[in-house]
Amino acid sequence: MSEIIIRNADFSDIPGILELVRIIGRYVSFEDELFSWMTLDPQAVVIAESIQLKQIVGACSGMAYGPERGFMGLYMVREEYRGRRIGTQLWNKAMKHLEGRNIGVRGLESMFSEYRDKRGFAHQPDYVIGYYKCSESSLILPKLNLDSFGIVSLMGKGVWPRKPEMVTTARDLEHNLAQNASECALENTKISYLDTVENIIVQEWKDSMKFGRSVENLLTEVVNYDRLLHGYDRSFIVAQTLSWRSCKTKIAIINEKVVGYLCLRPTVVGFWMISPFYADSEDIAELLLFSLLSNVNFSEITDGIQIRVPDKNPYCMKLIQKYGFRDENLPISTGYNKTCIEIDVSKFYSFHSTICCSE
């Protein structure tokens, strides 16, 4: 059998990790998503590599959000390499990186006992995440009037550097981040979420004069809204997500105030995903969803659209069923090793990530 080494991933490993993601079937938005999370915490992603084949055969992520919290995810090993304790080594190295933090993890409800009973993730919230999907044939669009509030439509140009010299710059950035952060790259980084502005295209701008038609001001309002919703600063990853290649964002504005936003983005496994999706009320959520789906080009999105919703939000469940989303029967449970993190699921209509989660 090929000799395997366990090591931290760097930006040059992203194409190999994505190939593994495609094989296993994880929901990742191409190079951009991995690049953003690895910029946030350069020590987070651990890989198993075959020395002879120069092939990534396993991965795991221990994403740190400051000194107090973290999240385990992206846990996968190629089928032919299972049974060699590669997964255990990946898991242990990623967990070591998060040592001392309140750590979260998500997994299929049917298999979650492995995390809860054997690995200590016993503190569980009362919601389960359900995956629902719609296609051109199942989509139901009612007639709605959008004149009562403003919607800003954005499109991401991408953050993954495609030119060789830009990859070198990105590697230098990653190296400096890792050196300058004693425990977590999020601590003491000088990266501003506003650095992503040049990667965002405004496609439609309506009823948002407060922001002076400035993407910088609008982005600041979105991250402030997100901060109030989550209770801590997610500005970097929020701005990065809006900048990912082909990501379509809708932002709801009422009385010159951001009251919700959603993103529709492609995944390497074919379908597109509404993720994240937050709104202050059921009506705002429906208007955002209608605005998005009424402009979807299903010749581009041939494998359908998926959304991941909390089952304890009855308004969300009613809304997505109204629009023709159907249950994929993939319930996902969440657990923490120290303290359960409670969220107001009444404003959550789709989670941001289940593999590098920040919620």
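**Pockets and cavities**

Mentor: The largest pocket has a volume of about 910 Å³. A pocket is an open set of points on a 1 Å grid over the protein atoms alone, with protein on both sides within 12 Å along at least five of seven lines, and a cavity is a set where a 1.4 Å probe fits but cannot get out; lining residues have an atom within 4 Å of a point. Points are joined across faces, edges and corners, and volume is the space filled by probe spheres set on them. This is a predicted model: local features need pLDDT of at least 70, side-chain atom pairs count only at pLDDT 80 or more, and totals for chains, interfaces and linings use all residues. Residues are numbered from 1 along each chain as its sequence is written, and side-chain values use heavy atoms, without hydrogens and water.

Trainee: Which element gives the most to the lining of the largest pocket?

Mentor: The lining has 33 residues, with Arg-26, Tyr-75, Met-76, Met-111 and Tyr-115 closest to the centre. Elements are DSSP runs numbered from the N terminus: helices (H or I, at least four residues) and strands (E, at least two). Helix H3 (86-97) and helix H4 (113-118) are among those that supply at least two residues each. The most, six residues, come from strand E4.

Trainee: What is the volume of the largest cavity?

Mentor: There are two cavities of 30 Å³ or more. Eleven residues line the largest, Tyr-65 and Glu-359 being among those nearest its centre. Its volume is about 50 Å³.
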